[in-house]
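Student: I'd like a close look at one part of this model, starting with a single residue. Could you then work outwards to its surroundings and the rest of the assembly?

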Amino acid sequence: MINVNRREVLKALAALGVSSCLPSAFGLRNLAFAADDKQPILVVMHIRGGWDGLNLISPANDLDFIAARQTELRVLTEGKDAGYPLANAMTDTIDFRLHNAAGGWAELYNNNNLAFIHACGLADGTRSHFVATDMIETGVGTQVDLMRQTNGWITRSIKAQGRSVSALDAVALSNGFAGDLRGLHNALATLDVNNGLPPMGGASVSSMLWQMYENRNDELGEAGRLAIQLPMNIDQRILRDEHNRVLPYVPENGANYDKAGSSAIPFKSIARLIKMDLGLQAITMDYGMWDTHDNQPGRFRTLLEPLSNGMAAFWNDINAYHDKVVVVLLSEFGRRLRNNKSNGTDHGRGGVMAVLGGQVKGGKIYGNWPGLGFAQLDEGVDLAVTTDYRQVLAETLEHIGGRKAADIFPSFKIGNRLGLFDESA
Amino acid sequence: MKKLPDHSSDIMFAIHRLGYGPRAEEYDSLVKQSLAGWLEEQLAAPESEQEVSKRLDACTIRIKYEAAEGKWSAVDEMRPLTSLSKPIEDIWRVFDPQKPMPVHGYELSRPRVEVLAATLIRSVYSHYQLREVICQFWHDHFHVNAFAEDRLAAALPVYDRDVIRKHCFGNFRAMLEAVACSTSMQYYLSNQSSRAGAANENYARELFELHSFGRENYLNDIYNRWRDVPGALVGKPVGYIDQDIYETARAFTGWTIEDGRGIDNYRKLPFTGRFTYVESWHDGNQKRILATEFDPYMDAMADGRKVLDLIAAHPATAQHMAHKLCTRLLGANPPASLTARVAEAWRSKSEAPDQIAQILRLIILSPEFLQSRGRKIKRPLALMANYLRVMGTNFTPNETLVNQLTAAGQRLFGAPTPEGIPDDNNYFMGTNAMRNRWNLILGLAQNTWGNGISDPAAALTAWGGKTSSNREAAADWFRLLGVSFDPKWIDMAITTAGLMPSAPLSLDNQKGLAMVSALAALSPDFQNC
């Protein structure tokens, strides 16, 4: 339970009702512990639906690939659909190309901030969205371990810190929590922070709510109390004018979210949360609908373009925080090498992860390329998994918090280091 | 003299768990019924009922958009619900590329808006509350995201009417086929574009994982070694593997929708949106699914139907469905004693035309059901309907209210994945969901979104509450809603509503009185059932 007592909440609510509208007058300081401004923040983006790693980063001149897939579902080396060449790929003989809707990522990659990991994923051979998502978010590699672990891997990594540095450890930019934050109580889920999170019904209704939920000793009671307390941490830092209207957000460093489409709201929200210096340890975001069983070419582009542009704008916006923030992108699995007749792809195995950060040794595709010949494929049909997704997460957690992978992923034996981070800094 | 409802009775529990709470005018006859008697009446629900029909006929939902030069003129009107009884071909016409009919996107999504409005009206006014609750269960089970594309919005009225509502108390095997052939599912899980050669696996996978066997019976570590599945060699595999998915996808090739596509250089499908079977798109070669051999070149649709037969009769389906239904009706981790009985009955009644009704009877009349009190959080739709039914509000649905339900965690007919909305209390208890469920009640009480003005004093009188003073009325609001309260909440609620605790009932301030009822409804006790 969070160490916030009743008097503090009531005082805070009362302050909201009577104070002038400047954030500094809100009197909420006691709610948050002193935020450690050196606290690194992990941003995890859930790419929902199983994105097609082979369509994102294609082995463009690989003959097995060309033979197995129709042209529309491959990144090409020339013509209007030519993709961005990626330096420092896994082998010298294959021309790995990034989808040409991912211009924002090409830029981040070329600036050495963004790294990709290919042929990566779950060791378990599930091709079920829901099982794969559960395993990844729980941070396990087998379905047996899924039964043993009750909380999420981000939750465990925060708890392994041994201290709660703030009243609010994590924010999920979604309606509810994904499995990776399962079991973390001082986390808040909201789709958007850009309009503030004022008390529902105003301060007096919230005081009444507090009365009614205060002494209730069950999950609902705790949920109610958290829903009153946690948003205050954020709301007090949203700038308002003299009429208590929320001021529009002004991105920094010339960052422009115009081409970010549907990803603008979550990326702006993440940027704002980071800049609030709340002492947050993790932020998660969902970016869905990658389950492209049909009409993949158009759908893939429509999803990729705003995501890539939004992430580039976001990275520019948080320029002052580059050494504090690491962004990890992951999806539940990759897709089948051979396309189906619906101009789409079915569920597969190996996929692509990405890591973005100031100390990431970017501009490189990490991993071991297994090849796409029949003998090299998983079960003869899918890109094999040569890097366990937990290898990427473990190196990330060790980098940002000095946390031992064994504490977070108990049944995982850390493999050969990918060396994703520059540890000299 | 009329007394406030007794929340400790079995029937009051049932009407909250299996419905959205009582209405004042139905309460007296409701409490005279036994649970079994009430259930029989509910299971015998007639197709239409007078009050609901009257309200559906009277309902209008605004549609407003700007003109587009040479395409359409501006529209701003309160339009009745016109698509609910239409056949699919009447709605589908707008998509015909041969007869372009440019219309604003709001016209394309309108059928979805109308089903949403009808769902809200039925939830509030239907006497047959169990049907509403069970239809929501099936909409989640056989989920189709009608927000994903316009065709899915267009297909929703038929899906809701002829698939979900028609089969909600019927036979599971029949329902499976109705779903498989529906325009909604055909498009949502891409089967309509599946073809022999490299079949689309989307529907096949979710048929097993979500619609029948469940992920707990997916033995993916065995992958393609079908002989290794326990029981396979005697024709009774305990679970399914990826090879079953691949083969099932082949079995359903040719099951498609009349979308005007060419079959060959001389023939094309009509453009109706109706289901059809195209032999030349079907992969007719032999198959092996669930350790059962399928002969090559069987009769039209026989491959797919045989898969549905195998799945519907399989013990794994019985177990999965028993657990899922019991979780919905009793709460998480239902007693194994009950789910075992239900699974057994599911199989023994698998041929019965009223299989699902018999299963519901078994669950609801079990001793375990009555022991599950307080274990479910009300879903946002239930919370909304419960409050409105108690208040006797003259209710009008609109899109703003639908968006409020979405914000509180229940995007009706629009969960982002084919899994539907999770049946998990925790899903509805996140910060955002909690804030928005409170906001839902506050907005309804204050008529923020134009869903109807309440008359709280009249409502309280109709329920037998005391209305002599603000203090007495407020306490009776808490009692009426089944809330056990700390006495100090009463004056606090009255003051928060801007009223004087010691004053006589503030009839001149209906908004204030409505606020008192809303504050009572925000309490934790009213969130659960």
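Tutor: Glu177(B) is partly exposed because 19 other C-beta atoms lie within 10 Å. The cut-offs behind that word are these: with C-beta atoms placed from the backbone, a residue is buried if 20 or more others lie within 10 Å of its own, exposed if 12 or fewer, and partly exposed in between. This is a predicted model, in which local features need a pLDDT of at least 70, side-chain atom pairs count only at pLDDT 80 or more, and totals for chains, interfaces and linings use all residues. Residues are numbered from 1 along each chain as its sequence is written, while chains are lettered from A and ligands numbered from 1 in the order in which they are written.

Glu177(B) sits in helix α9 of chain B, which covers residues 172-180. Helices (H or I, at least four residues) and strands (E, at least two) are DSSP runs, numbered from the N terminus. If you go 128 residues along the chain you come to Arg305(B), and the C-alpha atoms of Glu177(B) and Arg305(B) are separated by 7.6 Å.

Helix α16 of chain B, residues 355-364, is mostly covered, with 7 of its 10 residues buried. The buried residues are Gln355(B), Ile356(B), Ala357(B), Ile359(B), Leu360(B), Ile363(B) and Ile364(B). Their cover includes α9 of chain B, together with α3 (35-43), α14 (315-330), α15 (336-348) and α17 (367-370). An α-helix has 3.6 residues a turn, so residues three or four places apart point the same way.

How confident is the predictor in this chain? Chain B averages a pLDDT of 96, and 100% of its residues score at least 70; pLDDT is the predictor's confidence in each residue, from 0 to 100. For the complex, the predictor gives an ipTM of 0.94 and a pTM of 0.94.

From here, let's cross to the partner chain. The contact between the chains takes 45 residues from chain A and 46 residues from chain B, where two residues are in contact if their C-beta atoms, placed from the backbone, lie within 7 Å. The elements of chain A that give two or more residues to its side are α5 (129-138), β7 (187-189), α8 (202-214) and α9 (219-235). Of these, α9(A) gives the most, with 9 residues. That side of chain A divides into 18 nonpolar, 19 polar and 8 charged residues; Ala, Val, Leu, Ile, Met, Phe, Trp, Tyr, Cys and Pro count as nonpolar, Asp, Glu, Lys and Arg as charged, and the others, Gly among them, as polar.

Chain A itself has 13 helices and 12 strands, and 56% of its 425 residues count as buried. Its mean pLDDT is 90, with 90% of its residues at 70 or more. One stretch to treat with care is residues 17-36 of chain A, where pLDDT stays under 50.

One neighbour of α11(A) is α4(A), residues 103-110: their axes come within 6 Å and cross at roughly 45°. From α4(A) the contact uses Gly103(A), Gly104(A), Trp105(A), Glu107(A) and Leu108(A), and from α11(A) it uses Ser308(A), Asn309(A), Met311(A), Ala312(A) and Trp315(A). These residues divide into 5 nonpolar, 4 polar and 1 charged.

The phi of Asn112(A) is near 65°, a positive value in a residue other than glycine. Asn112(A) counts as partly exposed, with 16 C-beta neighbours inside 10 Å. In strand β5 of chain A you find Ala119(A), whose phi, near 55°, is a positive value in a residue other than glycine. Ala119(A) is buried, with 26 other C-beta atoms within 10 Å.

How values were computed
Axes are lines fitted to C-alpha atoms, for helices over the stretch in contact, and angles run from 0 to 180 degrees between N-to-C directions.
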